[in-house]
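Reader: I am new to this structure and would like to learn how to read its salt bridges and one of its helices. Could you take me through them slowly?

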Amino acid sequence: MQTEDLGRLKQEAVARIIFHATPKELLNQTGPWVLERGAGALLYDADGGEYLDALSGGVFAVLAGYGREEIARAMYEQAVRLAYTSPYATTSVVTIELARKLAELAPGDLSASTFCSSGSEAVEAAIKLARQYHEANGQGRRYKVVSLRYAYHGATAGALSATGWSPGFGVFRRAADPVVPAAGFTSAMPPYCHRCELALTHPGCELACATTIEQAILGSDPELVSCVILEPIMSTAGCIVPPPGYLGKVRQVCDRYGVLLIADEVVCGFGRTGRWFGVDHSEVVPDIMVVAKGLTSGYAPMAAAIARRGIAEAIPIFFDVHTFGGHPVSAAAALANIRIIEREDLVGNAATVGAYLLGLLDGLRAHPIVGDVRGLGLFAAVELTRDVPGQEGLPPQMQVDNRVAAIARQMGLFVRPLGGTILLGPPLIFTRGSRRGRVDERPGHRGEPARRPRTRPVRPADRLRPDVPPGRERRLALPLRRPGNRGGRAAAECLRAAQAGRDHGPAGPAPGPGAGAAAARLPPGTLAGRPALGRRRPLLDRAPRSRDGRGRSRG
């Protein structure tokens, strides 16, 4: 796309779209990141760039990869056959088939689903299911909800009420406070071993983090507590993997006080962690399980709250309704997506390649600003710190994580900065070859052949960058190798450049909590993640500049 056309398109986007959790100052300066297409695990933007998507669409949704004709065709055929059904006492054959499949995949006796459009809606539905179940059992006074600090459960009022404060989402939560006044939401300590609130270490801690959930229940009056909701692996908190035995102990606490356990599997579900669901690693069966995102691989809006049969049977009428609940076209997308995950064993691939990826990332521990590397399956995090021995966190105003993400995107890699941590959650089609700058197709994938990320012509700005040795400007493609390995230094270069930025102070106001790498705050004059030459006016204050066939600016 011509530069002048892209500039106008970005101007119109800023004028006509209210972007989610993205600072207007950033949008006015750089404009949004405009994507044109995706293939496999690659994204292509309107500026001609090719990027390896290590975020599954930015929010961990695209599990099966881009360009799946099988999913698109299933949606088309269903739309032609039957595009919509009412949520009242009406359903479709394809939605029944999806409910049956979910009952087959879900652990234990989780077998009855209520459908909606997003993870936030499904969390709200799960909380309503818990409360209405207690009411049906003559315990209508139970309404309180216990969640974890650092947890994220969605953006609707009830789901946001269960969201705990965290470095990445503290501002997000405060913007909506008071979310649900007097609704009885309380929080407990997260299983964050790297930064334990009690300064204990596992296993000597005897899972004190799980004990704090019991304390929260007791402090709220056990007869008034309806449910405990948690993520099996805390996602936006920075991929916090609980220690062994944690979920089992939480299950025991809930059973002791008659409290229902809700597992929020919106991010973890459908293979992300190397098992079908995050709870499968602990063999714990929750009372209600929430799924979304990977249910359709992002091809259509669809979410569900899956309850145990006894809970569903106890509720005479479930007071909740969503216009697009159980939408037949979305259900067709979900079924096609699940067939792909099963046929290509993407769950097993996530376990195998995820372990390999985590081993490569582990080499970054030697870097002076890397405090921790953790993950499970194809879900990983690199936590940055000012002082590794003391594990002192980086002040948000330094925005080192945003710098790392911005530099990574210049190199062709899309990652997410959040609260001082770099998150990675690539599509489940990733293979070991992905680390070398290419995405090998999984058997049966019908997208475009994967290619090595583009090696663009050398720009003068590259020659001015101290982190790129002379003669290596064209090798800024990709990186997930250990620092120092031949041909895989990009990750280390990202961190070195970010450390230099850290030493020279902040880059300006931080992006919103959900903005991700696309909204990373970049140096003044930066356009679409590219280094600037000198001071330039913000994007929306400049007249568009055309380019010749070689990409050189005119005028």
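Author: What follows treats the salt bridges and then a helix. This is a predicted model, in which local features need pLDDT of at least 70 and side-chain atom pairs count only at pLDDT 80 or more, while totals for chains, interfaces and linings use all residues. Residues are numbered from 1 along each chain as its sequence is written, and side-chain values use heavy atoms, with hydrogens and water left out.

Reader: What is a salt bridge, and how many salt bridges does the count come to?

Author: A salt bridge is a side-chain nitrogen of Lys or Arg within 4 Å of a carboxyl oxygen of Asp or Glu, and by this rule the count comes to 22. In one of them the side chains of Arg 68 and Glu 344 meet, with N to O at 2.9 Å. Arg 68 lies in the loop between helix H3 (56–60) and helix H4 (69–81), and Glu 344 in the loop between helix H12 (328–343) and helix H13 (346–361), so this pair ties together parts that are 276 residues apart in sequence. Helices here are DSSP runs (H or I, at least four residues), as are strands (E, at least two), numbered from the N terminus.

Reader: Are Arg 68 and Glu 344 buried or exposed?

Author: Buried means under 20% relative accessible area, exposed means over 50%, and partly exposed lies in between (1.4 Å probe, protein chains only). Arg 68 counts as buried at 3% relative accessibility, and Glu 344 counts as buried at 5%.

Reader: Which residue forms a salt bridge with Lys 101?

Author: That residue is Glu 342, and the closest N and O atoms are 2.9 Å apart. Glu 342 lies in helix H12 and Lys 101 in helix H5 (residues 93–105), so the pair ties together parts that are 241 residues apart in sequence. Glu 342 is partly exposed at 34%, whereas Lys 101 is buried at 15%.

Reader: Which residues are linked in a network of salt bridges?

Author: Such a network links Arg 195, Asp 362, Arg 365, Asp 372, Arg 374 and Glu 383. Between Asp 372 and Arg 374 the closest N and O atoms are 2.8 Å apart.

Reader: Turning to helix H10, which of its residues are buried?

Author: They are Tyr 246, Leu 247, Val 250, Arg 251, Val 253, Cys 254 and Tyr 257. These residues cover an arc of only 160° around the axis, which puts them on the same side of H10; the arc is that of the directions from the helix axis to the C-beta atoms. Just after H10, Gly 258 takes a positive phi of about 70°.
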